[in-house]
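Here are a few exercises to work through with the coordinates open. Try each one yourself before you read the solution.

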Amino acid sequence: MELISIENKIKKTEAVLNNVFKLHSMPKVLGEILQYLNSDSVNNTTLSKMILRDQSLATKILAIANSPLYGLQRNVTTIDFAVMVLGVEEIKHIVSSLSMMDTFKNKTDDYLDQAKFWEHSFLVALISKKIAEDFKMKYVGEIFTAGFLHDLGLPIIHRYFHSSFVKIKEDIELAGTNFIEAERENIGLTHAEIAYRLLDKWNLPVILCDITKHHHAPLNSEEFPKQTAVVHLADYTTKYLSTGSFFWNHQLELDYTAAKLIGFKTDEEVIEYIEQFRSILPQQLESMRHLL
């Protein structure tokens, strides 16, 4: 009976999601910028003007460019300069991330603090990028974007399944239910699976869909387990250091086997590596809050 119940919940959830995804096509600014970036010749001045049409987007790009984890030697105070020092491909990944997050942003309430959600997404993206660069991995830009979007399913549940979101949080807080189990019991799908469905619907690269779907269980990824492990480790880093983490991450456990796919030899090496972020992340959050 339980299996039938879960299957019915999945069908109902999918029906709602189909309507949600019809309402939310790819953001207009993102579509225009991506179309321009995919053209034969890209002019930095034109790209900057396109970004400046959305002041919120422009401000967040500056926040990311000035991130201590980005490691730029000079303050980035204009979009023109950001485009010049970061490069077109980097801007493409940042714009993709920010535009999709903005599409499903909600008002803060007692159940989901939007500022904390934004901070967490921002930090996981930047930590993911740093890990990928440190270990000289392929797809650094895609890993950054996936880090930004890994929890995109949460604001979707919060906005379109709000009563279920409240019940899920109560199950976690009061009954001690694992958050993945609570999501499945209430709506049949997890936040990772919902985000995967959206990214797949928008025909975004397979690597983004795959990392997002499996970021809590990287070894389940058949195509990109190593890249997925990076986002998983970055996600856990915010929880371990209690910086930029939020409620949904309190139960998060690190899969050390997955972490070793990145290049670590021992569990102790993983923790030593995480510790290097302890002094950087508070500074990162402060710089972001100053800009935003």
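**Exercise 1.** Find the element that holds His191, decide whether His191 is buried or exposed, and list the polar partners of its side chain.

*Solution.* Keep in mind that we're working on a predicted model.

Step 1: locate the residue. His191 belongs to helix H12.

Step 2: check the accessibility. The cut-off for buried is under 20% relative accessible area. His191 comes out at 1%, so it counts as buried.

Step 3: look for polar contacts. The His191 side chain has one with the side chain of Glu183 at 2.9 Å, and another with the side chain of His216 at 3.4 Å.

Step 4: widen the view. Leaving out residues up to four places away in sequence, His191 touches His150, Asp151, Gly153, Leu154, Ile157, Phe179, Glu183, His215, His216 and Trp248.

**Exercise 2.** Work out how helices H12 and H13 are oriented relative to each other, and sort the residues of their contact by class.

*Solution.* Two numbers get us going: the angle between the axes of a packed pair, and the distance between those axes.

Step 1: get the geometry. H12 covers residues 191–201 and H13 covers residues 206–214; their axes come within 7 Å and cross at roughly 170°.

Step 2: classify the angle. Anything over 145 degrees counts as roughly antiparallel, and H12 and H13 are therefore roughly antiparallel to each other.

Step 3: name the residues. H12 brings Ala192, Ala195, Tyr196, Leu199 and Asp200, while H13 brings Leu208, Cys209, Thr212 and Lys213.

Step 4: sort them. The contact of H12 with H13 has six nonpolar, one polar and two charged residues.

**Exercise 3.** In the loop between H7 and H8, look at the phi angles of Lys136 and Tyr139, then their accessibility.

Step 1: read phi. Lys136 has a phi near 50° and Tyr139 one near 65°. Each is a positive value in a residue other than glycine.

Step 2: check exposure. Lys136 has 73% relative accessible area, so it is exposed. Tyr139, at 39%, is partly exposed.

**Exercise 4.** Characterize the chain as a whole: which secondary structure does it have, and how does its radius of gyration relate to the globule rule?

*Solution.* Step 1: count elements. There are 17 helices and zero strands.

Step 1: compare sizes. The radius of gyration is 19 Å, close to the 19 Å that the globule rule gives for 292 residues, so the chain is as compact as a globular protein of that length.

Step 2: The C-alpha trace spans about 60 × 45 × 35 Å along its principal axes.

Step 3: look at burial. Of the 292 residues, 53% count as buried.

Technical notes
Residues are numbered from 1 along each chain as its sequence is written. This is a predicted model: local features need pLDDT of at least 70, side-chain atom pairs count only at pLDDT 80 or more; totals for chains, interfaces and linings use all residues. Side-chain values use heavy atoms; hydrogens and water are left out. Axes are lines fitted to C-alpha atoms, for helices over the stretch in contact, and angles run from 0 to 180 degrees between N-to-C directions. Helices (H or I, at least four residues) and strands (E, at least two) are DSSP runs, numbered from the N terminus. Angles under 35 degrees count as roughly parallel, over 145 as roughly antiparallel, 65 to 115 as roughly perpendicular and the rest as oblique. Contact means heavy atoms within 4.5 Å. Ala, Val, Leu, Ile, Met, Phe, Trp, Tyr, Cys and Pro count as nonpolar, Asp, Glu, Lys and Arg as charged, and the others, Gly among them, as polar. Buried means under 20% relative accessible area, exposed over 50%, partly exposed in between (1.4 Å probe, protein chains only). A polar contact is a pair of N or O atoms within 3.5 Å; within protein, one must be able to donate a hydrogen and the other to accept it, and residues adjacent in sequence count only if both atoms are side-chain atoms. The radius of gyration is taken over C-alpha atoms; the globule rule is 2.2 Å times the number of residues to the power 0.38.
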